[in-house]
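User: Please take a close look at the pockets of this structure, with attention to what lines them.

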Amino acid sequence: MSPSTIAIISIVLLISLFLMRMPVAYAMALIGFLGFAYMTSVSAALSILAKDFWVMFSSYSLTVVPMFVFMGTIAFYSGMGSRLYQAAFRFLGQLPGGLGVATCYACAAFGACCGSTTAAAAAMGKVILPEMKKYHYDPALATGCVASAGSLAILIPPSTILIIYGILTEESIGKLFAAGILPGILLATFFALTVFILCRRNPKLGPAGVKATWKERVASLGGVVEMFVLFGLVMGGLFAGWFTPTEAGAAGAAGALLIPLVRRQLTWRGFLSSLTETTRITAMVFLIVTGATVFGHFMAVSRVPFELSEWLGGLDVSPKVIMGFMIFGYLIGGCFMDSLALITLTVPILLPVILTLGFDPIWFGVIIVLVGEMGVITPPVGINVYIIKGVAPDVPLETIFRGIFPFLAALIVCAIILILFPQIALFLPGLME
Amino acid sequence: MDFLDRIIRFVSKFCDQIAQAGVFAMFLLVVGNIVIRMVWRPFFGTYDYVCFIAAVLVAFALANCAVQRAHTQVELLVARFPQRAQGIIGSITGILSLGIFSLVTWQCIVLANEMRRAGAVSMTGLFPFYPYIYAIAFGVALLCLVILVDVIQSLGKAVKG
(Lines give C-alpha, C1' and ligand atoms only; values in the text may rest on other atoms or scores of the structure.)
Protein backbone atom coordinates (compact mmCIF):
# COMPACT_ATOMS: atom_id res chain seq x y z
CA MET A 1 0.00 0.00 0.00
CA SER A 2 1.19 3.50 -0.78
CA PRO A 3 1.72 5.96 2.09
CA SER A 4 -1.22 8.05 0.85
CA THR A 5 -3.56 5.03 0.94
CA ILE A 6 -2.43 4.21 4.49
CA ALA A 7 -2.99 7.83 5.53
CA ILE A 8 -6.48 7.91 4.02
CA ILE A 9 -7.44 4.61 5.72
CA SER A 10 -6.07 6.00 9.00
CA ILE A 11 -8.12 9.19 8.70
CA VAL A 12 -11.27 7.11 8.06
CA LEU A 13 -10.41 4.95 11.12
CA LEU A 14 -9.80 8.10 13.18
CA ILE A 15 -13.19 9.55 12.27
CA SER A 16 -14.82 6.18 13.06
CA LEU A 17 -13.21 6.22 16.53
CA PHE A 18 -14.43 9.80 17.05
CA LEU A 19 -17.97 8.68 16.18
CA MET A 20 -17.55 5.75 18.61
CA ARG A 21 -17.17 8.37 21.38
CA MET A 22 -13.47 7.73 21.92
CA PRO A 23 -11.96 10.97 23.27
CA VAL A 24 -10.39 12.92 20.41
CA ALA A 25 -6.94 13.09 22.03
CA TYR A 26 -6.84 9.34 22.71
CA ALA A 27 -7.89 8.49 19.15
CA MET A 28 -5.31 10.83 17.57
CA ALA A 29 -2.51 9.39 19.75
CA LEU A 30 -3.57 5.81 18.96
CA ILE A 31 -3.92 6.22 15.18
CA GLY A 32 -0.81 8.42 15.03
CA PHE A 33 1.20 5.77 16.89
CA LEU A 34 -0.10 2.85 14.79
CA GLY A 35 0.37 4.74 11.52
CA PHE A 36 3.89 5.84 12.44
CA ALA A 37 4.77 2.27 13.50
CA TYR A 38 3.50 0.91 10.18
CA MET A 39 5.39 3.52 8.12
CA THR A 40 8.66 3.30 10.06
CA SER A 41 9.10 0.71 12.83
CA VAL A 42 7.48 -0.19 16.14
CA SER A 43 10.59 0.80 18.10
CA ALA A 44 10.72 4.23 16.38
CA ALA A 45 7.01 4.74 17.10
CA LEU A 46 7.40 3.75 20.78
CA SER A 47 10.33 6.09 21.17
CA ILE A 48 8.52 9.05 19.55
CA LEU A 49 5.40 8.40 21.67
CA ALA A 50 7.17 9.00 25.00
CA LYS A 51 9.20 11.90 23.59
CA ASP A 52 6.07 13.62 22.28
CA PHE A 53 4.38 13.35 25.68
CA TRP A 54 7.46 14.70 27.47
CA VAL A 55 8.15 17.50 24.96
CA MET A 56 4.55 18.70 24.79
CA PHE A 57 3.78 18.43 28.52
CA SER A 58 6.93 20.41 29.35
CA SER A 59 6.56 22.87 26.44
CA TYR A 60 7.11 26.48 27.52
CA SER A 61 4.98 27.78 24.64
CA LEU A 62 2.02 25.70 25.87
CA THR A 63 2.28 27.15 29.39
CA VAL A 64 0.44 30.15 27.99
CA VAL A 65 -2.72 28.00 28.16
CA PRO A 66 -3.04 27.59 31.97
CA MET A 67 -2.19 31.25 32.52
CA PHE A 68 -4.85 32.64 30.17
CA VAL A 69 -7.38 30.03 31.31
CA PHE A 70 -6.70 31.06 34.93
CA MET A 71 -7.26 34.70 33.97
CA GLY A 72 -10.56 33.81 32.27
CA THR A 73 -11.86 31.66 35.11
CA ILE A 74 -11.06 34.37 37.68
CA ALA A 75 -12.96 36.87 35.50
CA PHE A 76 -15.85 34.38 35.37
CA TYR A 77 -16.03 33.69 39.11
CA SER A 78 -15.57 37.33 40.13
CA GLY A 79 -18.69 38.45 38.25
CA MET A 80 -16.83 40.66 35.76
CA GLY A 81 -19.38 39.75 33.07
CA SER A 82 -22.21 41.20 35.14
CA ARG A 83 -20.45 44.56 35.55
CA LEU A 84 -19.66 44.76 31.82
CA TYR A 85 -23.26 44.02 30.96
CA GLN A 86 -24.57 46.69 33.39
CA ALA A 87 -22.32 49.28 31.74
CA ALA A 88 -23.33 48.29 28.19
CA PHE A 89 -27.02 48.30 29.17
CA ARG A 90 -26.83 51.79 30.71
CA PHE A 91 -25.51 53.15 27.41
CA LEU A 92 -27.49 51.10 24.87
CA GLY A 93 -30.58 49.85 26.74
CA GLN A 94 -32.91 52.54 25.36
CA LEU A 95 -32.51 51.33 21.75
CA PRO A 96 -34.94 48.82 20.15
CA GLY A 97 -33.52 45.49 21.29
CA GLY A 98 -31.19 47.51 23.53
CA LEU A 99 -30.58 44.63 25.92
CA GLY A 100 -29.57 42.43 22.99
CA VAL A 101 -27.28 45.13 21.57
CA ALA A 102 -25.74 45.60 25.02
CA THR A 103 -25.31 41.82 25.27
CA CYS A 104 -23.27 41.72 22.05
CA TYR A 105 -20.82 44.38 23.22
CA ALA A 106 -20.69 43.08 26.81
CA CYS A 107 -19.82 39.60 25.46
CA ALA A 108 -17.13 41.14 23.24
CA ALA A 109 -15.72 42.94 26.29
CA PHE A 110 -15.89 39.78 28.40
CA GLY A 111 -14.09 37.97 25.58
CA ALA A 112 -11.23 40.41 26.14
CA CYS A 113 -10.70 38.86 29.59
CA CYS A 114 -11.73 35.28 28.91
CA GLY A 115 -10.86 33.01 25.97
CA SER A 116 -13.57 30.39 26.34
CA THR A 117 -16.94 30.53 24.55
CA THR A 118 -18.62 28.26 27.08
CA ALA A 119 -17.48 30.40 30.04
CA ALA A 120 -18.63 33.56 28.22
CA ALA A 121 -22.02 32.09 27.32
CA ALA A 122 -22.54 30.75 30.86
CA ALA A 123 -21.37 33.94 32.61
CA MET A 124 -23.36 36.30 30.41
CA GLY A 125 -26.38 33.99 30.12
CA LYS A 126 -26.82 33.86 33.90
CA VAL A 127 -26.86 37.66 34.11
CA ILE A 128 -28.64 38.63 30.91
CA LEU A 129 -31.37 36.04 30.31
CA PRO A 130 -33.34 36.86 33.52
CA GLU A 131 -33.17 40.57 32.56
CA MET A 132 -34.41 39.82 29.04
CA LYS A 133 -37.25 37.76 30.49
CA LYS A 134 -38.16 40.72 32.73
CA TYR A 135 -38.37 42.99 29.65
CA HIS A 136 -40.47 40.38 27.75
CA TYR A 137 -37.88 39.64 25.11
CA ASP A 138 -38.69 36.95 22.58
CA PRO A 139 -37.06 33.76 24.01
CA ALA A 140 -35.58 32.76 20.63
CA LEU A 141 -33.95 36.16 20.15
CA ALA A 142 -32.75 36.35 23.76
CA THR A 143 -31.16 32.89 23.89
CA GLY A 144 -29.85 33.01 20.30
CA CYS A 145 -28.24 36.37 20.97
CA VAL A 146 -26.42 35.25 24.15
CA ALA A 147 -25.29 31.91 22.66
CA SER A 148 -23.94 33.63 19.54
CA ALA A 149 -22.34 36.61 21.26
CA GLY A 150 -20.70 34.23 23.76
CA SER A 151 -18.78 32.75 20.83
CA LEU A 152 -16.94 36.09 20.43
CA ALA A 153 -14.62 35.00 23.26
CA ILE A 154 -12.59 32.73 20.97
CA LEU A 155 -12.02 35.48 18.41
CA ILE A 156 -11.28 38.44 20.68
CA PRO A 157 -7.91 37.96 22.43
CA PRO A 158 -6.94 36.20 24.61
CA SER A 159 -8.31 33.23 22.70
CA THR A 160 -7.49 29.60 23.57
CA ILE A 161 -8.09 28.50 19.98
CA LEU A 162 -5.74 31.15 18.57
CA ILE A 163 -3.07 30.11 21.12
CA ILE A 164 -3.28 26.48 20.01
CA TYR A 165 -3.34 27.49 16.34
CA GLY A 166 -0.23 29.61 16.94
CA ILE A 167 1.58 26.70 18.60
CA LEU A 168 0.62 24.24 15.85
CA THR A 169 1.66 26.59 13.04
CA GLU A 170 4.59 28.23 14.89
CA GLU A 171 3.05 31.65 14.22
CA SER A 172 3.41 34.52 16.71
CA ILE A 173 0.66 34.33 19.33
CA GLY A 174 0.93 38.11 19.79
CA LYS A 175 0.23 38.66 16.08
CA LEU A 176 -2.65 36.19 16.13
CA PHE A 177 -4.15 37.99 19.11
CA ALA A 178 -3.76 41.33 17.31
CA ALA A 179 -5.37 39.82 14.20
CA GLY A 180 -8.47 38.86 16.18
CA ILE A 181 -9.22 42.35 17.52
CA LEU A 182 -10.74 44.15 14.48
CA PRO A 183 -12.68 41.10 13.20
CA GLY A 184 -13.96 40.63 16.77
CA ILE A 185 -15.21 44.23 16.95
CA LEU A 186 -16.68 43.89 13.44
CA LEU A 187 -18.50 40.69 14.37
CA ALA A 188 -19.82 42.16 17.64
CA THR A 189 -21.17 45.09 15.59
CA PHE A 190 -22.77 42.70 13.08
CA PHE A 191 -24.44 40.81 15.94
CA ALA A 192 -25.64 44.10 17.47
CA LEU A 193 -26.97 45.26 14.07
CA THR A 194 -28.78 41.93 13.68
CA VAL A 195 -30.59 42.47 17.00
CA PHE A 196 -31.31 46.13 16.15
CA ILE A 197 -32.73 45.34 12.69
CA LEU A 198 -34.86 42.45 13.96
CA CYS A 199 -36.30 44.56 16.78
CA ARG A 200 -36.78 47.59 14.55
CA ARG A 201 -38.87 45.45 12.19
CA ASN A 202 -40.79 43.80 15.00
CA PRO A 203 -40.53 45.79 18.26
CA LYS A 204 -42.31 43.01 20.18
CA LEU A 205 -39.18 40.86 19.83
CA GLY A 206 -37.13 43.14 22.06
CA PRO A 207 -38.82 46.20 23.60
CA ALA A 208 -36.61 49.20 24.29
CA GLY A 209 -35.53 49.62 27.92
CA VAL A 210 -35.55 52.68 30.15
CA LYS A 211 -33.08 55.42 29.24
CA ALA A 212 -30.40 55.72 31.92
CA THR A 213 -29.24 59.11 33.21
CA TRP A 214 -25.66 60.22 32.52
CA LYS A 215 -24.95 59.88 36.23
CA GLU A 216 -25.98 56.20 36.09
CA ARG A 217 -23.95 55.69 32.93
CA VAL A 218 -20.79 57.18 34.40
CA ALA A 219 -21.27 55.15 37.59
CA SER A 220 -21.45 51.94 35.55
CA LEU A 221 -18.11 52.58 33.85
CA GLY A 222 -16.09 50.90 36.59
CA GLY A 223 -16.64 47.49 35.01
CA VAL A 224 -15.47 48.78 31.63
CA VAL A 225 -12.38 50.46 33.07
CA GLU A 226 -11.18 47.22 34.70
CA MET A 227 -11.69 45.36 31.41
CA PHE A 228 -9.63 47.99 29.54
CA VAL A 229 -6.91 47.85 32.22
CA LEU A 230 -6.65 44.06 31.87
CA PHE A 231 -6.83 44.10 28.09
CA GLY A 232 -4.31 46.95 27.92
CA LEU A 233 -1.94 45.12 30.26
CA VAL A 234 -2.07 41.88 28.26
CA MET A 235 -2.11 43.25 24.72
CA GLY A 236 0.05 46.29 25.51
CA GLY A 237 2.68 44.04 27.08
CA LEU A 238 2.62 41.70 24.08
CA PHE A 239 2.65 44.56 21.52
CA ALA A 240 5.50 46.36 23.29
CA GLY A 241 7.49 43.15 23.62
CA TRP A 242 7.62 43.39 27.44
CA PHE A 243 6.03 39.97 27.94
CA THR A 244 6.18 36.54 26.40
CA PRO A 245 2.64 35.19 25.84
CA THR A 246 2.93 33.13 29.06
CA GLU A 247 3.97 36.23 30.99
CA ALA A 248 1.11 38.20 29.41
CA GLY A 249 -1.31 35.51 30.61
CA ALA A 250 0.18 35.53 34.12
CA ALA A 251 0.11 39.36 34.25
CA GLY A 252 -3.52 39.28 33.08
CA ALA A 253 -4.33 36.68 35.74
CA ALA A 254 -2.63 38.87 38.37
CA GLY A 255 -4.78 41.81 37.27
CA ALA A 256 -7.91 39.68 37.14
CA LEU A 257 -7.12 38.48 40.68
CA LEU A 258 -6.26 41.89 42.13
CA ILE A 259 -9.36 43.71 40.85
CA PRO A 260 -11.95 41.46 42.56
CA LEU A 261 -9.76 41.23 45.68
CA VAL A 262 -9.79 45.01 45.99
CA ARG A 263 -13.53 45.07 45.23
CA ARG A 264 -14.09 42.08 47.58
CA GLN A 265 -15.94 40.25 44.81
CA LEU A 266 -14.03 36.97 44.71
CA THR A 267 -14.85 34.38 47.35
CA TRP A 268 -12.41 31.67 48.48
CA ARG A 269 -14.75 29.10 46.94
CA GLY A 270 -14.73 31.03 43.65
CA PHE A 271 -10.93 31.14 43.72
CA LEU A 272 -10.70 27.37 44.29
CA SER A 273 -13.27 26.74 41.56
CA SER A 274 -11.23 28.83 39.14
CA LEU A 275 -8.17 26.66 39.89
CA THR A 276 -10.20 23.46 39.45
CA GLU A 277 -11.53 24.70 36.13
CA THR A 278 -8.03 25.73 35.04
CA THR A 279 -6.50 22.27 35.63
CA ARG A 280 -9.45 20.59 33.90
CA ILE A 281 -9.20 22.74 30.77
CA THR A 282 -5.38 22.65 30.80
CA ALA A 283 -5.26 18.84 30.92
CA MET A 284 -7.84 18.60 28.14
CA VAL A 285 -5.99 21.08 25.88
CA PHE A 286 -2.50 19.63 26.51
CA LEU A 287 -3.66 16.10 25.81
CA ILE A 288 -5.40 17.12 22.57
CA VAL A 289 -2.31 18.99 21.39
CA THR A 290 -0.09 16.02 22.33
CA GLY A 291 -2.40 13.60 20.50
CA ALA A 292 -2.35 15.94 17.49
CA THR A 293 1.47 16.03 17.65
CA VAL A 294 1.71 12.22 17.55
CA PHE A 295 -0.80 12.19 14.68
CA GLY A 296 1.08 15.03 12.96
CA HIS A 297 4.30 12.99 12.98
CA PHE A 298 2.48 10.17 11.23
CA MET A 299 1.03 12.62 8.68
CA ALA A 300 4.51 14.03 8.07
CA VAL A 301 6.06 10.61 7.30
CA SER A 302 3.07 9.76 5.07
CA ARG A 303 3.78 13.01 3.14
CA VAL A 304 0.02 13.42 2.59
CA PRO A 305 -0.09 17.13 3.57
CA PHE A 306 2.65 17.93 1.05
CA GLU A 307 1.13 15.83 -1.73
CA LEU A 308 -2.26 17.40 -1.03
CA SER A 309 -0.79 20.90 -1.24
CA GLU A 310 1.10 20.05 -4.48
CA TRP A 311 -2.06 18.64 -6.01
CA LEU A 312 -4.27 21.58 -4.96
CA GLY A 313 -1.57 24.07 -5.99
CA GLY A 314 -1.47 22.50 -9.47
CA LEU A 315 -5.24 22.76 -10.00
CA ASP A 316 -6.47 25.31 -12.52
CA VAL A 317 -8.85 26.85 -9.98
CA SER A 318 -8.67 30.15 -8.12
CA PRO A 319 -7.13 29.74 -4.63
CA LYS A 320 -10.17 31.60 -3.22
CA VAL A 321 -12.46 28.86 -4.60
CA ILE A 322 -10.29 26.21 -2.90
CA MET A 323 -10.40 28.29 0.29
CA GLY A 324 -14.19 28.46 -0.06
CA PHE A 325 -14.36 24.64 -0.20
CA MET A 326 -12.04 24.34 2.79
CA ILE A 327 -14.18 26.75 4.83
CA PHE A 328 -17.28 24.81 3.81
CA GLY A 329 -15.54 21.64 5.01
CA TYR A 330 -14.72 23.31 8.33
CA LEU A 331 -18.31 24.49 8.63
CA ILE A 332 -19.63 20.95 8.16
CA GLY A 333 -16.93 19.50 10.45
CA GLY A 334 -17.68 22.16 13.08
CA CYS A 335 -21.29 20.97 13.21
CA PHE A 336 -20.09 17.59 14.49
CA MET A 337 -16.83 18.28 16.32
CA ASP A 338 -15.49 20.61 18.95
CA SER A 339 -13.62 23.48 17.28
CA LEU A 340 -10.38 22.86 19.22
CA ALA A 341 -10.35 19.20 18.19
CA LEU A 342 -11.18 20.10 14.59
CA ILE A 343 -8.37 22.62 14.40
CA THR A 344 -5.73 20.38 16.01
CA LEU A 345 -6.71 17.57 13.62
CA THR A 346 -6.80 19.58 10.40
CA VAL A 347 -4.18 22.31 10.77
CA PRO A 348 -1.14 19.97 10.48
CA ILE A 349 -2.66 18.59 7.25
CA LEU A 350 -3.85 21.87 5.75
CA LEU A 351 -1.06 24.27 6.70
CA PRO A 352 1.17 23.33 3.72
CA VAL A 353 -1.87 23.81 1.47
CA ILE A 354 -2.48 27.30 2.88
CA LEU A 355 1.15 28.27 2.33
CA THR A 356 1.26 26.80 -1.22
CA LEU A 357 -1.91 28.68 -2.18
CA GLY A 358 -0.31 31.91 -0.97
CA PHE A 359 -2.63 32.67 1.95
CA ASP A 360 -1.38 34.35 5.10
CA PRO A 361 -1.42 31.81 7.98
CA ILE A 362 -2.32 34.56 10.47
CA TRP A 363 -5.38 35.48 8.39
CA PHE A 364 -6.27 31.80 8.03
CA GLY A 365 -6.14 31.45 11.82
CA VAL A 366 -8.77 34.17 12.17
CA ILE A 367 -10.91 32.60 9.46
CA ILE A 368 -10.93 29.15 11.03
CA VAL A 369 -11.70 30.65 14.43
CA LEU A 370 -14.68 32.40 12.82
CA VAL A 371 -15.79 29.09 11.36
CA GLY A 372 -15.17 27.49 14.77
CA GLU A 373 -17.57 30.10 16.19
CA MET A 374 -20.21 28.86 13.77
CA GLY A 375 -19.54 25.33 15.06
CA VAL A 376 -20.28 26.27 18.67
CA ILE A 377 -23.78 27.49 17.78
CA THR A 378 -24.89 25.16 14.97
CA PRO A 379 -26.78 21.91 15.54
CA PRO A 380 -26.29 19.13 16.45
CA VAL A 381 -23.13 19.76 18.56
CA GLY A 382 -23.45 23.55 19.18
CA ILE A 383 -21.98 23.55 22.72
CA ASN A 384 -23.04 27.15 23.46
CA VAL A 385 -26.65 26.26 22.74
CA TYR A 386 -26.52 23.51 25.38
CA ILE A 387 -24.88 25.89 27.84
CA ILE A 388 -27.71 28.39 27.32
CA LYS A 389 -30.24 25.57 27.65
CA GLY A 390 -28.67 24.82 31.04
CA VAL A 391 -29.00 28.47 32.08
CA ALA A 392 -32.57 28.79 30.74
CA PRO A 393 -34.08 25.29 31.10
CA ASP A 394 -37.62 26.55 30.34
CA VAL A 395 -36.67 27.50 26.74
CA PRO A 396 -36.90 24.51 24.34
CA LEU A 397 -33.74 23.57 22.44
CA GLU A 398 -35.49 24.11 19.08
CA THR A 399 -36.35 27.68 20.10
CA ILE A 400 -32.68 28.41 20.89
CA PHE A 401 -31.54 26.91 17.58
CA ARG A 402 -34.23 28.98 15.79
CA GLY A 403 -32.87 32.08 17.50
CA ILE A 404 -29.36 31.28 16.28
CA PHE A 405 -30.06 31.56 12.54
CA PRO A 406 -30.01 35.37 12.12
CA PHE A 407 -26.69 35.45 14.02
CA LEU A 408 -25.31 32.60 11.92
CA ALA A 409 -26.13 34.71 8.85
CA ALA A 410 -24.20 37.61 10.43
CA LEU A 411 -21.24 35.29 11.05
CA ILE A 412 -21.26 34.11 7.43
CA VAL A 413 -21.39 37.72 6.15
CA CYS A 414 -18.49 38.61 8.45
CA ALA A 415 -16.47 35.62 7.16
CA ILE A 416 -17.13 36.66 3.53
CA ILE A 417 -16.01 40.23 4.29
CA LEU A 418 -12.81 38.90 5.88
CA ILE A 419 -12.13 36.69 2.86
CA LEU A 420 -12.63 39.65 0.51
CA PHE A 421 -10.72 42.10 2.72
CA PRO A 422 -8.00 40.19 4.58
CA GLN A 423 -6.48 43.55 5.57
CA ILE A 424 -9.11 43.81 8.34
CA ALA A 425 -7.38 40.94 10.13
CA LEU A 426 -3.85 41.73 9.00
CA PHE A 427 -3.73 45.47 9.69
CA LEU A 428 -2.88 45.29 13.42
CA PRO A 429 -0.37 42.39 13.11
CA GLY A 430 1.29 44.47 10.35
CA LEU A 431 1.97 47.20 12.91
CA MET A 432 3.95 44.67 14.98
CA GLU A 433 6.49 44.01 12.18
CA MET B 1 -15.42 -2.68 41.86
CA ASP B 2 -17.18 0.18 43.63
CA PHE B 3 -14.29 0.29 46.11
CA LEU B 4 -11.72 0.47 43.29
CA ASP B 5 -13.74 3.24 41.62
CA ARG B 6 -13.87 5.26 44.86
CA ILE B 7 -10.14 4.82 45.52
CA ILE B 8 -9.20 5.92 42.00
CA ARG B 9 -11.53 8.91 42.15
CA PHE B 10 -10.02 9.92 45.49
CA VAL B 11 -6.42 9.63 44.22
CA SER B 12 -7.32 11.48 40.98
CA LYS B 13 -8.89 14.32 42.94
CA PHE B 14 -5.91 14.50 45.28
CA CYS B 15 -3.52 14.62 42.31
CA ASP B 16 -5.69 17.31 40.73
CA GLN B 17 -5.30 19.40 43.89
CA ILE B 18 -1.52 19.09 43.50
CA ALA B 19 -1.98 20.24 39.88
CA GLN B 20 -4.00 23.23 41.13
CA ALA B 21 -1.17 24.15 43.46
CA GLY B 22 1.08 23.82 40.40
CA VAL B 23 -1.02 26.35 38.45
CA PHE B 24 -0.78 28.82 41.30
CA ALA B 25 2.96 28.18 41.75
CA MET B 26 3.53 28.75 38.03
CA PHE B 27 1.47 31.95 38.19
CA LEU B 28 3.44 33.24 41.20
CA LEU B 29 6.77 32.32 39.61
CA VAL B 30 6.04 34.04 36.30
CA VAL B 31 4.59 37.17 37.91
CA GLY B 32 7.41 37.23 40.47
CA ASN B 33 9.95 36.98 37.67
CA ILE B 34 8.35 39.90 35.79
CA VAL B 35 8.45 42.07 38.92
CA ILE B 36 11.96 41.14 40.05
CA ARG B 37 13.56 41.57 36.64
CA MET B 38 12.19 45.13 36.52
CA VAL B 39 13.99 46.05 39.74
CA TRP B 40 16.95 43.64 39.79
CA ARG B 41 17.54 40.59 37.60
CA PRO B 42 15.38 37.61 36.54
CA PHE B 43 15.03 34.54 38.74
CA PHE B 44 17.63 31.96 37.75
CA GLY B 45 16.09 29.01 35.89
CA THR B 46 12.54 30.43 35.65
CA TYR B 47 12.10 28.97 32.17
CA ASP B 48 13.08 25.48 33.37
CA TYR B 49 10.92 25.66 36.48
CA VAL B 50 7.87 26.77 34.46
CA CYS B 51 8.33 23.87 32.02
CA PHE B 52 8.75 21.32 34.83
CA ILE B 53 5.75 22.64 36.76
CA ALA B 54 3.71 22.41 33.53
CA ALA B 55 4.77 18.77 32.99
CA VAL B 56 3.79 17.78 36.53
CA LEU B 57 0.56 19.79 36.65
CA VAL B 58 -0.70 18.41 33.34
CA ALA B 59 0.26 14.83 34.23
CA PHE B 60 -1.44 15.09 37.63
CA ALA B 61 -4.60 16.68 36.19
CA LEU B 62 -5.13 14.11 33.41
CA ALA B 63 -6.92 11.46 35.47
CA ASN B 64 -9.37 13.83 37.18
CA CYS B 65 -10.12 15.39 33.79
CA ALA B 66 -11.07 11.88 32.59
CA VAL B 67 -13.15 11.26 35.75
CA GLN B 68 -15.02 14.51 35.00
CA ARG B 69 -15.48 13.31 31.37
CA ALA B 70 -13.83 16.55 30.24
CA HIS B 71 -11.62 15.07 27.52
CA THR B 72 -13.31 16.20 24.30
CA GLN B 73 -15.38 13.51 22.61
CA VAL B 74 -18.06 13.39 19.93
CA GLU B 75 -21.32 12.52 21.71
CA LEU B 76 -23.48 12.65 18.63
CA LEU B 77 -23.94 9.05 17.55
CA VAL B 78 -23.33 6.58 20.40
CA ALA B 79 -25.62 8.43 22.85
CA ARG B 80 -28.57 7.44 20.62
CA PHE B 81 -27.76 3.71 20.75
CA PRO B 82 -29.30 1.20 23.20
CA GLN B 83 -27.43 0.65 26.48
CA ARG B 84 -25.97 -2.71 25.42
CA ALA B 85 -24.55 -1.29 22.17
CA GLN B 86 -23.12 1.64 24.16
CA GLY B 87 -21.51 -0.84 26.51
CA ILE B 88 -19.93 -2.84 23.66
CA ILE B 89 -18.62 0.28 21.91
CA GLY B 90 -17.38 1.73 25.21
CA SER B 91 -15.51 -1.52 25.95
CA ILE B 92 -13.80 -1.52 22.55
CA THR B 93 -12.71 2.14 22.67
CA GLY B 94 -11.76 1.74 26.35
CA ILE B 95 -9.49 -1.23 25.63
CA LEU B 96 -7.88 0.65 22.75
CA SER B 97 -7.36 3.70 25.01
CA LEU B 98 -5.95 1.51 27.73
CA GLY B 99 -3.55 0.00 25.20
CA ILE B 100 -2.15 3.30 23.97
CA PHE B 101 -1.80 4.87 27.43
CA SER B 102 -0.18 1.73 28.85
CA LEU B 103 2.40 2.05 26.08
CA VAL B 104 2.87 5.74 26.93
CA THR B 105 3.38 4.88 30.63
CA TRP B 106 5.89 2.13 29.82
CA GLN B 107 7.80 4.28 27.34
CA CYS B 108 7.92 7.25 29.72
CA ILE B 109 9.53 5.00 32.34
CA VAL B 110 12.01 3.77 29.70
CA LEU B 111 12.77 7.36 28.65
CA ALA B 112 13.17 8.52 32.28
CA ASN B 113 15.55 5.61 32.98
CA GLU B 114 17.59 6.53 29.90
CA MET B 115 17.70 10.21 30.91
CA ARG B 116 18.77 9.24 34.45
CA ARG B 117 21.56 7.00 33.20
CA ALA B 118 22.72 9.60 30.65
CA GLY B 119 22.59 12.38 33.27
CA ALA B 120 20.47 14.59 30.96
CA VAL B 121 19.86 18.03 32.47
CA SER B 122 18.19 21.30 31.42
CA MET B 123 20.19 23.92 29.52
CA THR B 124 20.12 26.82 31.98
CA GLY B 125 19.35 25.48 35.43
CA LEU B 126 21.11 22.11 34.92
CA PHE B 127 18.14 20.38 36.58
CA PRO B 128 17.71 16.66 35.80
CA PHE B 129 14.79 15.78 33.51
CA TYR B 130 14.05 12.29 34.73
CA PRO B 131 11.94 13.03 37.85
CA TYR B 132 9.46 14.96 35.72
CA ILE B 133 9.24 12.17 33.15
CA TYR B 134 8.53 9.71 36.00
CA ALA B 135 5.78 12.14 37.09
CA ILE B 136 4.29 11.99 33.58
CA ALA B 137 4.46 8.18 33.70
CA PHE B 138 2.63 8.26 37.05
CA GLY B 139 -0.07 10.65 35.75
CA VAL B 140 -0.66 8.57 32.62
CA ALA B 141 -0.73 5.35 34.70
CA LEU B 142 -3.44 6.91 36.86
CA LEU B 143 -5.33 7.82 33.69
CA CYS B 144 -5.03 4.14 32.67
CA LEU B 145 -6.69 3.13 35.96
CA VAL B 146 -9.57 5.56 35.34
CA ILE B 147 -9.99 4.08 31.85
CA LEU B 148 -9.81 0.55 33.31
CA VAL B 149 -12.73 1.31 35.64
CA ASP B 150 -14.66 2.70 32.64
CA VAL B 151 -13.91 -0.47 30.65
CA ILE B 152 -15.18 -2.68 33.50
CA GLN B 153 -18.35 -0.57 33.74
CA SER B 154 -18.84 -0.69 29.95
CA LEU B 155 -18.37 -4.49 29.94
CA GLY B 156 -20.99 -4.74 32.69
CA LYS B 157 -23.34 -2.64 30.56
CA ALA B 158 -22.60 -4.82 27.51
CA VAL B 159 -23.39 -8.01 29.41
CA LYS B 160 -26.44 -6.83 31.38
CA GLY B 161 -27.78 -4.43 28.76
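Analyst: The lining of the second largest pocket holds 18 nonpolar, three polar and no charged residues (Ala, Val, Leu, Ile, Met, Phe, Trp, Tyr, Cys and Pro count as nonpolar, Asp, Glu, Lys and Arg as charged, and the others, Gly among them, as polar). Of the 21 residues in that lining, Ile11(A), Ile15(A), Gly329(A), Leu345(A) and Thr346(A) are the closest to the centre of the pocket. Helix H1 (3–19), helix H15 (304–314), H16 and H17 of chain A each give two or more residues to it; helices here are DSSP runs (H or I, at least four residues), numbered from the N terminus.

This is a predicted model, in which local features need pLDDT of at least 70 and side-chain atom pairs pLDDT 80 or more, while totals for chains, interfaces and linings use all residues. Residues are numbered from 1 along each chain as written, chains are lettered from A and ligands numbered from 1 in the order written, and side-chain values use heavy atoms, without hydrogens and water.

A pocket is an open set of points on a 1 Å grid over the protein atoms alone, where a 1.4 Å probe fits, with protein on both sides within 12 Å along at least five of seven lines; lining residues have an atom within 4 Å of a point.

The lining of the largest pocket divides into 27 nonpolar, 16 polar and seven charged residues. H4(A) provides the largest share of this lining, seven residues. Among the other helices of chain A that supply at least two residues each are helix H7 (117–134) and helix H14 (268–302).
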